[in-house]
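This report goes through one structure part by part. Please look at the sequence and the model before reading on.

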Amino acid sequence: MCTLEKRGRLFLLKLTGDGEHRLNPTLLDNIRSAITQIRSDPSSSQSVLITTSDGKFFSNGYDLALAASDPPLRAVMAAKLQSLVADLISLPMPTIAAVTGHASAAGFLLAMSHDYILMRRDRGFLYMSELDIELVLPAWFMSMIRMKVVSPAAKRDVALTAEKITADRGLEMGIVDSSHGSAGETVEAAVKLGEEIVRRGADGHVYGRMRETLLREVLHAIGSNESASNGVRNSGSKFWSSSWRTSTWSAFLLLPRCVGRSARF
Amino acid sequence: MCTLEKRGNIFLLTLTGDNEHRFHPDAIATILSLLGQAKSQANRGSVLITTGHGKFFSNGFDLAWAQSSGSLAGAAERLHQMVESFKPVVAALLDLPMPTIAALNGHAAAAGLMLALSHDYVYMRRDRGVLYMSEVDIGLSMPDYFAAMIRSKIGTSAARREVLLSGKKIRGEEAVALGIVDSAAHDSAEGVVEATVGLAEKLAAKKWKGDVYASIRKSLYPELCEILGLKATIFATPKL
């Protein structure tokens, strides 16, 4: 489901296989344990994480079909993704998403949870599909969107036009940092960027704290959501709320008679 | 003073008459009532376009009516009345269960610019018409929801300064450059309306569920919604 490789100072996390890399509980657990492994590596404060994927998709979002067949899993997936994102926000190293395929809904959110987004321009798009599939965006998703998509028109295009955003359009909108000719070139560029960052020699722990401060609003939005599972983050940042308040927003709530069908491309 | 027509999927709200379309309490009440009508007739694929006749989209609150009260206190009270009664208009637009487009036929100043910015998309003319926050020039302070609207819809510090602090009359091309409007490509009111109809038809074809749309829209602007007392709905059934 996902592999973790070390290349010099770089950690390469890859969502494997030719599928949609739907963020089901198992994949989310796998990714989280990879992150735990990264944190416990002694060189981690002088490293960079690159997240990428095999195949046509970066990630097509939550496993909605699974949730339709087993409703309590919705909240579980939401809680696990929130924990993962909180983990990524506090990670003591810069993070790069090498988006080599479609990233929609929670998959787009996962890409945005990285400091840099590098993307292939020949195929694939970023897509907040929620409006098209009649889902309300959770408050913490919105918080990330507001932090990472800065211009009001771009925010509107992401959330309210449900635009399918190619790499070059993403560049225009300030969501994507650079675009590349193919999946291979994107990963290569991510590696190059990673190595450049490592050369600069910044302290990862300081970096992680800075990022938490920058994305404080997102951490608060995550912290104020009720968790169905034990979604506690690894690091002990003071921005993490220890009390869970009842959420005024819900990730999504399905009625039993939903029919499963994956997002169409 | 204000009409609501339905053309297929499109609700067309027009500020009628060749005048400044000032927001007197009666005009405000009419607009609010027409927005209520549009909301009650909303369907999947509905879209609202708001436009005006003549040289002005709207020149803001009816300050002459405020001043005609005869006393300073009376004028202040009338102004306050307009500020308070306009808030629900902005709220109604943010809450409207359909995409909204402002087709600026002419000048949009102060509360008139607020009306425009309350829409999801704003198109203006290239050749005529300016955006103008007159408050700094006429010595009026800003209602809290006006400032929140500016912060929500105008992204850069430089643009906000130009709009709020410079007393500048911003023409189409500059408005696009500052990121305030989406388009200023047409040299006539008819051209702008036609362009907005084109956009409306594209959006209508998505057949979005209105309450989901409104909920997502409100979650984009939490500060403004808080000031307006708007809450987002919580649950939605995903179409898998």
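A:Ala103 has A:Leu126, in strand 8 of chain A, as its bridge partner. The model in which this pairing is found is a predicted one. The two strands involved are strand 6 (residues 102-104) and strand 8 (residues 126-127) of chain A, which run parallel and are joined by two bridges.

Both strands belong to an open sheet of four strands in chain A, with the order 4-6-8-9. The pairing in this sheet is mixed. Which strands stand at the edges? They are strand 4 (57-59) and strand 9 (164-165) of chain A. Each has a single partner strand, so one side of each has no neighbour in the sheet.

## Nonpolar cores

The largest nonpolar core contains 148 residues. A:Leu81, B:Phe61, B:Phe86 and B:Leu131 are the residues with the most contacts inside this core. A second core of 14 residues is separate, and A:Ile96, A:Ala189, A:Ala190 and A:Val198 are among its members.

With neighbours within four places in sequence left aside, A:Leu81 is in contact with A:Leu23, A:Leu28, A:Tyr62, A:Ala106, A:Trp140 and A:Phe141.

A:Ile50 lies in strand 3 (residues 48-53) of chain A. Is A:Ile50 buried or exposed? Its relative accessibility is 0%, so A:Ile50 counts as buried, the cut-off for buried being under 20%.

Residues up to four places away in sequence are not counted in what follows. A:Ile50 touches A:Leu10, A:Phe11, A:Leu12 and A:Leu13, and also A:Ile96, A:Ala98, A:Ala190 and A:Val191. A:Gly194 is 144 residues from A:Ile50 in sequence, but the C-alpha atoms of the two are 7.6 Å apart in space.

## Helix 10 of chain A

Helix 10 of chain A covers residues 216-223. Its buried residues are A:Val218, A:Leu219, A:Ala221, A:Ile222 and A:Gly223. What do these buried residues pack against? They pack against three helices of chain A: helix 3 (72-90), helix 5 (139-148) and helix 9 (204-214).

## Cysteines

A disulfide is a covalent bond between the sulfur atoms of two cysteines.

Technical notes
Residues are numbered from 1 along each chain as its sequence is written. Chains are lettered from A and ligands numbered from 1 in the order in which they are written. This is a predicted model: local features need pLDDT of at least 70, side-chain atom pairs count only at pLDDT 80 or more; totals for chains, interfaces and linings use all residues. Side-chain values use heavy atoms; hydrogens and water are left out. A nonpolar core is a set of buried Ala, Val, Leu, Ile, Met, Phe, Trp, Tyr and Cys residues joined through side-chain atoms within 4.5 Å. Buried means under 20% relative accessible area, exposed over 50%, partly exposed in between (1.4 Å probe, protein chains only). Contact means heavy atoms within 4.5 Å. Two strands pair if DSSP finds at least two bridges between them.
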